[in-house]
6 protein chains.
Amino acid sequence: MNDFTHLDEEGRVRMVDVGGKENTERTAVAGGNIRMTPSTLKQITDNSVKKGNVLETARIAGIMAAKKTSELIPMCHPLNITHAGVDFYPDHVSSTIAIEAKVSLSGQTGVEMEALTAVSVAALTIYDMCKSYDKAMIISDIHLKKKSGGKSGEFTAPRYLDGKH
Amino acid sequence: MNDFTHLDEEGRVRMVDVGGKENTERTAVAGGNIRMTPSTLKQITDNSVKKGNVLETARIAGIMAAKKTSELIPMCHPLNITHAGVDFYPDHVSSTIAIEAKVSLSGQTGVEMEALTAVSVAALTIYDMCKSYDKAMIISDIHLKKKSGGKSGEFTAPRYLDGKH
Amino acid sequence: MNDFTHLDEEGRVRMVDVGGKENTERTAVAGGNIRMTPSTLKQITDNSVKKGNVLETARIAGIMAAKKTSELIPMCHPLNITHAGVDFYPDHVSSTIAIEAKVSLSGQTGVEMEALTAVSVAALTIYDMCKSYDKAMIISDIHLKKKSGGKSGEFTAPRYLDGKH
Amino acid sequence: MNDFTHLDEEGRVRMVDVGGKENTERTAVAGGNIRMTPSTLKQITDNSVKKGNVLETARIAGIMAAKKTSELIPMCHPLNITHAGVDFYPDHVSSTIAIEAKVSLSGQTGVEMEALTAVSVAALTIYDMCKSYDKAMIISDIHLKKKSGGKSGEFTAPRYLDGKH
Amino acid sequence: MNDFTHLDEEGRVRMVDVGGKENTERTAVAGGNIRMTPSTLKQITDNSVKKGNVLETARIAGIMAAKKTSELIPMCHPLNITHAGVDFYPDHVSSTIAIEAKVSLSGQTGVEMEALTAVSVAALTIYDMCKSYDKAMIISDIHLKKKSGGKSGEFTAPRYLDGKH
Amino acid sequence: MNDFTHLDEEGRVRMVDVGGKENTERTAVAGGNIRMTPSTLKQITDNSVKKGNVLETARIAGIMAAKKTSELIPMCHPLNITHAGVDFYPDHVSSTIAIEAKVSLSGQTGVEMEALTAVSVAALTIYDMCKSYDKAMIISDIHLKKKSGGKSGEFTAPRYLDGKH
């Protein structure tokens, strides 16, 4: 193919080849939160939101989104995750709901993106279910808390070690 | 069907009927940001990240995600959006990239969720492209900036009016 | 193109052209049921199934499936449905759960398939959530109950008129 | 995270962790049927339905739906099925078409839901292709016939053993 | 937002805003072909290919792909197409199958991409169904034949006017 | 089931059972090209196309399409590909862009279709990004260049060996 002018190869997107990586048990935990007015939070925890059960819908949306990660994030590998769960921790003092997602896989690449995607879509679903009450909700602090398995080994978010979260 | 015991109807999820809502031009703008180490940010703005062009990939991912919103958010209506765009504003002082998405539609319901989903997936894609350098990146401040069109009319985020953002 | 041999045109699949059909309000209601052991039904109505809230999960799955109908049924037109809802009517005498889905649209073609798909996927989700207890559950009687709107006008299932259901 | 009030954990949806389950050859066979008027059945078996070849379209729809199962059923694991097939058994006496789907996998969880989904979507496709002739068709008797592989071992539907089907 | 450094705006991907475009009847016809060995073509036209009915499967795949166009092509607008059809013209002299797809819409943007996608996926499906016999098949000449509707009006491919195709 | 009339089994579509095939490293390389006017090609290589960076968008679309292959091609098995890349070779003499895609997998079946799908969708994306300038572009010569792994072993396209491409 030497009669073609190659493009400059800098900046070319690649789906990294994980074919040679070891097949290990991998787990990732991600967190985030959504802030709202105290009355919106009360309606959620009282399960009196007009559109339906907010947290149960958000939990299902988060789990289903974990399975869709490789369709959303262009360079993510398709993966057969073996577990996904999403939990909510409402806090009336800060008027937020903390969200935590855990995803597991036995495979050649990590599941950080699946856990982060589950948290993000769970938060977006809470926004959607409550937006007729409160359009100023803010989704923040979406981050990887921990991961285990794979060559890079254990990771724990620095600030998480601080006991800050 | 009176020989069946109805379930308690509280908390039942519903896709709200928008059939009677007026068909107007609707636009929504959402924002958010992702914080990272200064060196990660420099690699992004220098376009020297090993996996490829981070912001162009994140932009495309955000636009494509806007089109997938009703597949991700359980009670969102499927919509034929007429425009979607995503912009990035890297700031080396705060070591963040601000993300802004705008989505338009001529239809019966708003496009807030489409704009918020575009921002979220663009941020997740930045994380994915850079996670081999920096696993402690944090996605924050995902919120609706403005919307126009529809019965509820104009909305501008209160804090945005403060000039805080 | 007369130098090509045309294939026999019988039996060729077509997505019927609905371009000339009128844009009207259309609604469809579909029903079905799932039969199980009395103890499985009791666990569902007591919300004590190990995998989680069965009916809320099935309701969300049914609504999301209504939005996916044109991806599943090859000749279905993609539609922007304006409403979808799924209801459950457990009956301990017959040890069944009756399922009913209603879907609405303002458009050029009917939403029968969307309502039937919502019922089918809600039933399959009930099966999935309970299959560790009861693999012999049977899904039956999935049928169109009513439709309105469009050229063919009102339809009410004959047996439904019998008061049989 | 002890400064958060945990929600009551009853009824929380979970995607069961199959990470520890053995990797075995698994097969599932599901069945169901669709009842219609004798003249509709005759048009199908004569391949004279205006929209095209009904059974070939339904077969392809069923196979493609088996691949989509984890997108439809919220707690289903994504799986790389190794085989899927759908067969039809028209019966002019009862004016029904019996549908049978078989799905195989080498993996950590069963493929019952994939086989049941293939049968359901094949039946819905038959309905769709013929609904301009016959809106009163009824889909019934969707059930698991057999499964093999995995810890729970062989399952054969009780009524199937009766020779009833 | 003036405290952020804007990126250079050249080369930024946009989903063009079609909100102001007129709502007209639009149709597009695309063509293409696939070349194979004479014996492979004979097996297709004899319907003796081991994997099943090649052309019927390719037709369904093409129609379903037309509906998926906006998921595949990043800047394509989601559209509710009102018609899609795919036809095949086997030619034993040139040992090719010509493929033609027609797609219609009443909307604000054209359906060229939908017709071209239908042709491409129909051709890929023919390849897939026959690849165990003939891995050297070549897909060529995928092009827009005609379009009508919209501001740019009628288009007919120049070479098509030559009577060359 | 002997009281049912079996349909003639000729021509029935099957997803071939790959359960017994060996798990090997598999790679496929596919190629193709798109021809356009010299001025369209110049705009692409100058990155001055109004809609955005054509080749980067096409590259991402091609990689994402490789992951969607089993949703598009009815009898393709779902696969967890471990690598996908797309490259472009613009040639101003012939006024074409050659496209090459490489896909890898460790699994039971080949990835030819994934590589061919990546090339096809990358070409369609180039068409889409430039169609306001040049509606007469032609996509040609989509073919398998090489494959390795699996029972059928190495394949190199005959004409490729000719040094013709």
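Predicted model: local features only at pLDDT ≥ 70, side-chain atom pairs only at ≥ 80, totals over all residues.

Colleague: What rotation superposes chain B on chain A?

Modeller: A rotation of 180 degrees does so, with 0.0 Å of shift along its axis and an RMSD of 0.0 Å.

Colleague: Which C-alpha of chain B is nearest the axis?

Modeller: That of Ser140(B), at 1.9 Å from the axis. The same surface also serves both copies, since 100% of the contact residues of chain B recur in chain A.

Colleague: How many residues are in contact there, and what area do the chains bury?

Modeller: On each side the figure is 47: 47 residues of chain B are in contact with 47 residues of chain A, contact meaning heavy atoms within 4.5 Å. Chain B and chain A bury about 3,800 Å² between them, with 69% of it on carbon and sulfur atoms. Buried area here is the accessible area (1.4 Å probe) that two parts lose on being put together, summed over both. Leu72(B), Leu124(B) and Lys135(B) supply 16% of the area that chain B buries against chain A, more than any other three residues.

Colleague: How many salt bridges are there between chain B and chain A?

Modeller: Two salt bridges are counted between them, by the rule of a side-chain nitrogen of Lys or Arg within 4 Å of a carboxyl oxygen of Asp or Glu. Lys68(A) and Glu71(B) meet through their side chains in a salt bridge, at 3.1 Å from N to O.

Colleague: Which element of chain B gives the largest share of the side that touches chain A?

Modeller: Helix 4 of chain B, with 11 residues. Helices (H or I, at least four residues) and strands (E, at least two) are DSSP runs, numbered from the N terminus.

Colleague: Turning to chain F, what does its interface with chain B look like?

Modeller: Five residues of chain F are in contact with five of chain B. The area buried is about 450 Å², and carbon and sulfur atoms give 80% of it. On the chain F side, Glu56(F), Ile60(F) and Met64(F) lose the most area to chain B, together 67% of what that side buries. The interface of chain F and chain B has zero salt bridges.

Colleague: Is Asp87(E) buried or exposed?

Modeller: Asp87(E) is buried, at a relative accessible area of 18%. Buried means under 20%, exposed over 50%, and partly exposed in between (1.4 Å probe, protein chains only). Asp87(E) lies in strand 2 (residues 83-91) of chain E.

Colleague: Which residues does Asp87(E) touch?

Modeller: Leaving aside residues up to four places away in sequence, Asp87(E) touches Arg12(C), Arg59(E), Ala98(E), Ile99(E) and Glu100(E).

Colleague: Finally, how many disulfides are there over all chains?

Modeller: Zero, from a search of the whole structure, a disulfide being a pair of cysteine sulfur atoms within 2.5 Å. Cys130(C) is buried at 0% relative accessible area, and Cys76(D) is buried at 6%.

Methods. Residues numbered from 1 in each chain as written. Chains lettered and ligands numbered in written order. Heavy atoms only, no water. Least-squares fit on C-alpha atoms with pLDDT ≥ 70 in both.
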